Amino acid sequence: MFLRSCSLAARRSCTQTLLTVRPISTTRTARKDASEKLDLDAWKSVMKSQALDPSPSPSALDVNRELVEMWHQAGKFVPKNITDEQLEDLAALTTKSAKRKFLKFLAIKEAHKISKKEKQEKKKSERDTDAETEEREEREGLKNTFLMKFWNSSMDRLQNWRAAQAMRFGQPLVYDMSYEHHMTRQEMENTVAQLLETEGWNRRAADPFHLHFCGLQPGSAYHRELLKRYGEETWERLLITATARRPIDVFPREDLVYLTADSHTVLRTFDHGKVYVVGAMVDRSIHSGVSLANAKRLKLATARLPLDEYLDWDCGAKNLTLDQMIRILTTVKDTGSWKEALEFVPKRKHCGFHQRQKTGAFVRTVKTQFVRDEPAAARGQKNKTDGHKRKERKIWREEEG
């Protein structure tokens, strides 16, 4: 009886405790729900405020600038300084590997510029040291010489005077600047670099051309790169003629001759009364026919340099750089000899000049061609060495001596 009473008392106490605990748990969950409800309301108010007053999202340039900075801090090979134009080119790339390659190219280019600048500063310091030494020697005693010293400034004045005379009386040479959409950015930079060398070689010539940059639109890629290389002050003082007009709007159509490697007409004699046009383009992918199509569109006469007539061409396209063209044209203009002018063609592209044999009143040009032999299977014969045999064929061309 005692055990039963104890068990009944224990059961009653347990049920009482359970009854008292249940209302406590319900109050806690209610408080928790209330707190969650309050947090949700606050979140809604924050989102509404952001929707009403949205903060400006970062631009693509800022995102790419942060990416370059992050890669630079991570120790990757990226440039230290990057321009907005380069960031726009970087944003146009879609894959991560393409961006990494482009940044590596910019870093290498930046390293070359830094190295070149250091070399220039070193040479400048050496020149300053040599000048101080010469001044000290001149103060100590006069040099015993009968030759007059020719200063670099005197040479600059002479070349500027020749270029100014060419602008007044010289033969015009036109560079067609309408190939902006046919080149990549790197090809555009190479073109402008060659134009700078062209202007320098023309100034150093004994009888320079009057250079015309036709089709140079203000604000174009050509114009921006030229201003970047020369500087605005130097560009304004440059002794050339830059215009946005086409060559046919500046010169008579019958006086213009477009020089292109795709022409079928050979320029055998340099005409001092013609105005020759050269396409200002660097085409690494060798899109043949672009300059010829432009010349036909303008209805101009075309011609090509006599490369096959004088050189034993080895391989590759017959496209020359702009600085090579100006050296060839200035030489043939001064001397009238294509053999002397074509010495400026790179030796890697040809095997030398044709052998010219003079017989009587005629000059015979012997040209050797290597013809590929047809394989043995095509002849129906069995040959273990089914290779290429070299056959020599001589072509004779007679000219008046």
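Student: Lysine 299: buried or exposed?
Tutor: Lysine 299 is exposed, because its relative accessible area is 66% and the cut-off for exposed is over 50%. Bear in mind that this is a predicted model.

Student: Where does lysine 299 sit?
Tutor: Lysine 299 is in a loop. That loop runs between α10 (290-297) and β6 (301-303).

Student: What about phi of lysine 299?
Tutor: Phi is near 60° there. That is a positive value, and the residue is not a glycine.

Student: Switching to charges. How many salt bridges does the structure hold?
Tutor: The structure holds 12 salt bridges. One of them joins the side chains of aspartate 89 and arginine 185, at 3.6 Å from N to O.

Student: Which parts does that pair tie together?
Tutor: Aspartate 89 belongs to helix α3 (residues 84-92) and arginine 185 to helix α6 (residues 185-204), so the bridge links parts 96 residues apart in sequence.

Student: How accessible are aspartate 89 and arginine 185?
Tutor: Both fall in the middle class. Aspartate 89 is partly exposed at 27% relative accessibility. Arginine 185 is partly exposed as well, at 36%.

Student: Which residues are linked with them in a network?
Tutor: Salt bridges link Glu85, Asp89, Lys109, Arg185 and Glu189 in a network.

Student: OK, arginine 229. What does its side chain meet in a salt bridge?
Tutor: The partner is glutamate 225, and the N to O distance is 3.1 Å.

Student: What about arginine 304, which residue does it meet in a salt bridge?
Tutor: Arginine 304 meets glutamate 309 through their side chains, at 3.3 Å from N to O. Arginine 304 counts as buried at 16% relative accessibility. Glutamate 309 is buried too, with 13%.

Student: Which residues form the negative surface patch?
Tutor: Glu126, Asp128, Asp130, Glu132, Glu134 and Glu135 form the patch.

Student: Take glutamate 135. Where does it lie?
Tutor: Glutamate 135 lies in helix α4, which covers residues 96-140. Its relative accessible area is 45%, so it counts as partly exposed.

Student: New topic: threonine 330. Which helix does it lie in?
Tutor: Threonine 330 is part of helix α12 (residues 322-335). It counts as buried, at 9% relative accessibility.

Student: What lies 3.1 Å from a polar atom of its side chain?
Tutor: The backbone oxygen of arginine 327 lies at that distance from the threonine 330 side-chain atom.

Student: Last one, valine 266. Where does it lie?
Tutor: Valine 266 is in the loop between β4 (256-259) and β5 (275-279).

Student: What separates its C-alpha atom from that of leucine 307?
Tutor: The two C-alpha atoms are separated by 9.0 Å. Along the chain, valine 266 and leucine 307 are 41 residues apart.

Methods
Residues numbered from 1 in each chain as written. Predicted model: local features only at pLDDT ≥ 70, side-chain atom pairs only at ≥ 80, totals over all residues. Heavy atoms only, no water. Patch = residues over 30% accessible without salt bridge, like charges linked within 9 Å, V, L, I, M, F, W, Y side chains within 5 Å. Areas by Shrake-Rupley, 256 points an atom, 1.4 Å probe, with all protein chains shown as cover. Salt bridge = Lys/Arg side-chain N within 4 Å of Asp/Glu carboxyl O. Lys, Arg positive; Asp, Glu negative; His and termini not counted. Charge placed at Lys NZ, Arg CZ, Asp CG, Glu CD. Helix = DSSP H or I, 4+ residues; strand = E, 2+ residues; numbered from the N terminus. Buried < 20%, exposed > 50% of the residue type's maximum accessible area, 1.4 Å probe, protein only. Polar contact = N/O pair within 3.5 Å; in protein donor to acceptor, adjacent residues only side chain to side chain.
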